[in-house]
Amino acid sequence: MKKRIEIFIARLQEAVKGNPMEVFLSILFFIIGCYHHNYKGQNTEMALLYFPVIFLFTYILNQLTWQKRRWLYYLSALSFLPFLFIDISRHYPTYLVSLIAIQLAYLAGCWKKDNNAFMQIGIHYIGALLSAAVLASIAWLLSLSIYYSISYIFEIWEGHEYDYISYSSCFFYLGIMPLLFLMFNQRKENVNYAGNKTFNVLMNYVLSPALLIYAVILYLYFIKITVLWSLPKGAVAYIVVSFTSATFMLKGCQEFLEKRHYEWFYRHASLAVFPALIMYWVGSLYRINEYGYTEPRVYLVVTGLILTGTAIMFIFKRTAHYLYIACLAVILLSSVTYIPGITASDIERISQSARGNTQSKEKYVYPSYIDLNNNNAIEIKDYKTIQLVGTDMTDGIWTDQAYDTFYVYQGNKNLLFKEQIDTFLLHQMYKIGLTATDTIPDSANSKIFELDLDSIKLVIGRISLTRDSIYHVSYIDPAYYLQR
C-alpha cells in the first residue's frame, strides 16, 4: 500500500512538472470560481464555462511545442482573458461546438495516421477523463459528508452549506480533477487493452449488441417510410448521428479485442450506415427547403457531411484513417463557428432574410442562468419578531424543496404552504405587475421575495433561475421570517 501511494505521488509530481501552465490554469480557475461565487459576474461565468476548452487548448500546445516555439505554450495560459469580455447568453451553441472541436483537435494533434495508434490515444483519453471525474467526485462527496457530520454533531457552520458546496466543488472539479487527468493521461501509448476483461465485456456484450438493436430499428423504420413514401421524423436525425458515430468508434476498438464476435458487421460499417444516412439527408434537406436554415440546421448539415464523409472514406483503404476524419471535423465545425460571414448564425440570418423573415420560424432560445438576490429593505412594521429560516424540523419556520415543489413548515411537519416552484415564481411576478414572458429587473421589487402566510411573512434571500423563453426556478433560498 505504501509503495502504491509513493508511485501515485511520483506520477502526480511528474504530471505537475511536465504541465506547468495547465497547473497554473487549474489554480487560477479555482480562484475565479470562488470569486464568481461571491460576486456572480456574467464575465467570470463565461470564462468558467470555457475552462475545459482553454485547458485542453493549452494541453495541446504543450504537446505540439515540446521542442520548439515553446513561447506559444506559455502564452496560451492567457487565452482565458477574451472570455472575460464575452456575453454568455449568446454563446451556448459556440460553446458546445468548441467543446467537441477542441477534443477532436487534441486527437488530431497527436498526428497518428495508424488507426490502432489513434484509437489507443482516444481510448486512453476517455479513460483518463472518466477516472479523474470519478475520483474527484468521490473525494468531493466524502468532503461533503465530513462537513455535514461536523456541522450536525457540533452545531457549527449552520447556514453556510451553499458556500461550502460552491467552494469545495471549485476545488475538486477545477483544481484537483485537471491534475488527476494530467496524471492518468501520461504514457498513453503503453497500455494493452486486449487483455482487459472489462473492456472486452463492455465491447462484446454491452455496446455492440445495443448497436445492432439500433441498426435493426433504423432498418425497419427505413423500410416503413419507403413503403409508405413518407418523411422521416425530425428526431430521427439525432438517433442517426448517435448510431453512425458509435458504429465507427466501436469499429476502431475491434483491434483491441481478444475475440471479435461482431467483425462481420464492422467490416461493412460503411454499407451498414448508408440507409440511416439517406434518411438523415432526406429529412434535413426537406426541412431546409421548407423553412430555410436555422443555426441548429447548419450544424445538422455539417454533422451530416462529416458522417457521410466518414462512411465514404472507410470504403477505400487509402483514406480509411481516423486522423483524416478528425481533421475534417475540426475544419468544418470551426469554419461555421469562428469564420465571420459563414458562421451558423450568419447563414441563418441570410437564409431567413431571403425568405422574408426577420426571425427564424424555429428560432432556438438557449437558456441563461440567473440569480435573483434580495437586496431590498423589508417593511417590518406590525411585526414583533424576526428569525432565521431553518432547513430541518425546528420549532420555528423551516422550508424544503423536493423535486419541483416548495414547502414551508412550522414545527414538526405542520405544513403552511406548498406550491410548484415555477408556479410560485409566476404568482410572485404577478404581484409586481409582470407576466410570464416579462423580464425581471435586476433591482426587483421586494414583493417578489415576500410570501405572506397569515401572521408570518417569509422573506426569500435568493432565487436561482434559468431562462429560455420563460423563467424556470432551480432553487429557492429563504433567508428569514417575520412574525406578528
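Proline 478 is buried, with a relative accessible area of 12%, where buried means under 20% relative accessible area, exposed means over 50% and partly exposed lies in between (1.4 Å probe, protein chains only). The model is a predicted one, in which local features need pLDDT of at least 70 and side-chain atom pairs count only at pLDDT 80 or more, while totals for chains, interfaces and linings use all residues. Residues are numbered from 1 along each chain as its sequence is written, and side-chain values use heavy atoms, with hydrogens and water left out.

**Surroundings of proline 478**

- Proline 478 has its place in strand 8 (residues 471-483); helices (H or I, at least four residues) and strands (E, at least two) are DSSP runs, numbered from the N terminus.
- Leaving aside neighbours within four places in sequence, proline 478 is in contact with Val389, Thr399, Phe406, Leu458, Val459, Ile460 and Gly461, contact meaning heavy atoms within 4.5 Å.
- The C-alpha atom of proline 478 is separated by 9.8 Å from that of aspartate 400, and the two residues are 78 residues apart along the chain.

**Salt bridges**

- The structure holds 4 salt bridges, each defined as a side-chain nitrogen of Lys or Arg within 4 Å of a carboxyl oxygen of Asp or Glu.
- One of them joins the side chains of aspartate 477 and arginine 462 (3.4 Å, N to O); aspartate 477 lies in strand 8 and arginine 462 in strand 7 (residues 456-467), so the pair ties together parts that are 15 residues apart in sequence.
- Within this pair, aspartate 477 is partly exposed, with a relative accessible area of 23%, whereas arginine 462 is buried at 11%.
- Lysine 457 forms a salt bridge with glutamate 450, the closest N and O atoms being 3.4 Å apart; lysine 457 is buried, with a relative accessible area of 7%, and glutamate 450 also counts as buried, at 4%.
- Arginine 260 and glutamate 255 meet through their side chains in a salt bridge (3.2 Å, N to O), and here arginine 260 counts as partly exposed at 38% relative accessibility, as does glutamate 255, with a relative accessible area of 41%.

**Helix 15 and its cover**

- The buried residues of helix 15 (residues 344-354) are Ala344, Asp346, Glu348, Ser351 and Gln352.
- An α-helix has 3.6 residues a turn, so residues three or four places apart point the same way.
- The cover over the buried residues of helix 15 includes helix 12 (269-291), helix 13 (295-313) and helix 14 (322-338).

**Loops with positive phi outside glycine**

- Arginine 69 has a phi near 55°, a positive value in a residue other than glycine; arginine 69 lies in the loop between helix 4 (51-64) and helix 5, and is exposed, with a relative accessible area of 58%.
- Glutamate 155 likewise has a positive phi, near 55°, in a residue other than glycine; glutamate 155 is found in the loop between helix 7 (115-154) and helix 8 (161-184), and counts as exposed at 61% relative accessibility.

**Nonpolar surface and exposed leucines**

- Trp71, Leu72, Leu75, Leu78 and Leu81 make a nonpolar surface patch of about 470 Å²; patches are made of residues with over 30% relative accessible area and no salt bridge, like charges being joined within 9 Å and nonpolar side chains (Val, Leu, Ile, Met, Phe, Trp, Tyr) within 5 Å.
- Leucine 72 lies in helix 5 (residues 70-76), and is partly exposed, with a relative accessible area of 31%.
- Leucine 228 is found in helix 9 (residues 197-228) and is exposed, with a relative accessible area of 55%; its C-alpha atom is separated by 43 Å from that of alanine 108, which is 120 residues away along the chain.

**The chain as a whole**

- The protein chain contains 16 helices and 8 strands, and its C-alpha trace spans about 85 × 70 × 45 Å along the principal axes.
- Buried residues make up 44% of the 484 residues, and of the contacts with a separation of 6 or more, 67% are between residues 24 or more positions apart.
- The protein chain exposes about 26800 Å², of which carbon and sulfur atoms supply 63%; accessible areas come from the Shrake-Rupley method with a 1.4 Å probe, and for residues only the protein chains shown count as cover.
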